[in-house]
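Subject: Structure handover

Hello,

Here is the structure I promised to pass on. Please open it alongside this message. My notes follow below.

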Amino acid sequence: PTTVTINDEEQAVTILGSAFASNKGITSVTIPEGYTQIGGSALSGCTSLTSLVIPNSVTSIEESAFSGSGLTSIVLPDGITTLASELFHDCTELVSVTIPDGVTRIGERAFENCRSLASLTIPESVTSIGSYAFANCGSLTDIAIPQGVTKIGTYTFSFCTQLSNVVLSDNITSIGTRAFDFCNQLTTVTI
């Protein structure tokens, strides 16, 4: 069901935090239209999970929801405005993510250790990128920071060993400690 009645009040059903965490047998999940929230750690550690379909009715995905899963690609729903902390942390097989326009915040460690993520388009709506957000994304080669971003946190792109080209927002006022630490292939920074 997409709704339940509690004390005569209809409420939306969510995927509860840790509901399927560390289930190594799950390979595919399709969430039906009507769900509005995916709880923290809901599918974390599901190492065999390679396919996930999320309807546009989902407007909130909590921290670590997919961390350590086997996802290889994902299209996030249009209603999402925040990519929670550690959302895709340790998704080492993740190659492709479609972030919708309207996302304003990428949380701390959201993509940390996504070693297969080679390219990513950050929408112009993003105004905040958390510390370690893309740390150790060893396949990432290019990144453009949207104009609304004024601060890059500490270690945000550290250990992105293949990162060669960075385009920074004109509005950057602060770059955190070691934001580009060990980005040894970085040859072009455009401000």
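Predicted model: local features only at pLDDT ≥ 70, side-chain atom pairs only at ≥ 80, totals over all residues.

Start with the strands. β12 and β14 run parallel and are joined by 3 bridges.

As background, strands of a sheet pair through backbone hydrogen bonds, either parallel or antiparallel.

Next, the core. The largest nonpolar core holds 52 residues. Those with the most contacts inside it are I54, I61, F66, I74, F88, F111 and F134. In soluble globular proteins, nonpolar side chains tend to be buried together.

Leaving aside residues up to four places away in sequence, F134 touches I106, F111, L120, I122, I129, T156, F157, S158 and C160.

F134 also belongs to a cluster of rings. Ring pairs link F66, F88, F111, F134, F157 and F180.

Now the aromatic pairs. The count comes to 7.

First, F157 and F180. Their ring centres are 5.3 Å apart and their planes stand at 10°, so the pair is stacked; the cut-off for stacking is under 30 degrees. F157 lies in the loop between β13 (151–152) and β14 (165–167). F180 lies in the loop between β15 (174–175) and β16 (188–190). The pair therefore ties together parts that are 23 residues apart in sequence. Are these two residues buried or partly exposed? F157 has 0% relative accessibility, so it counts as buried. F180 has 21% relative accessibility and counts as partly exposed.

Second, F159 and F182. The ring centres are 4.6 Å apart and the planes are at 15°, so this pair is stacked too. F159 sits in the loop between β13 and β14, and F182 in the loop between β15 and β16. This pair links distant parts of the chain, 23 residues apart. F159 is partly exposed, with a relative accessible area of 37%. F182 is partly exposed as well, at 41%.

Another ring to look at is that of Y132. The charged end of R109 sits over this ring, 4.0 Å from its centre. Y132 is in the loop between β11 (128–129) and β12. At 23% relative accessibility, Y132 counts as partly exposed.

The backbone of Y132 also stands out. Most residues other than glycine have a negative phi, and most peptide bonds are trans. Y132 is not a glycine, yet its phi is positive, at about 60°.

S41 belongs in this part of the notes too. S41 has a positive phi of about 60° and is not a glycine. Its place is in the loop between β4 (37–38) and β5 (51–53). S41 counts as partly exposed, at 22% relative accessibility.

Over to you.

Best wishes

Definitions and conventions. Residues numbered from 1 in each chain as written. Heavy atoms only, no water. Core = buried A, V, L, I, M, F, W, Y, C linked by side-chain atoms within 4.5 Å. Buried < 20%, exposed > 50% of the residue type's maximum accessible area, 1.4 Å probe, protein only. Contact = heavy atoms within 4.5 Å. Phe/Tyr/Trp six-rings, centres within 6.5 Å; stacked < 30°, edge-to-face > 60°. Helix = DSSP H or I, 4+ residues; strand = E, 2+ residues; numbered from the N terminus. Lys NZ or Arg CZ within 6 Å of the ring centre and 35° of its normal. Pairing = 2+ DSSP bridges.
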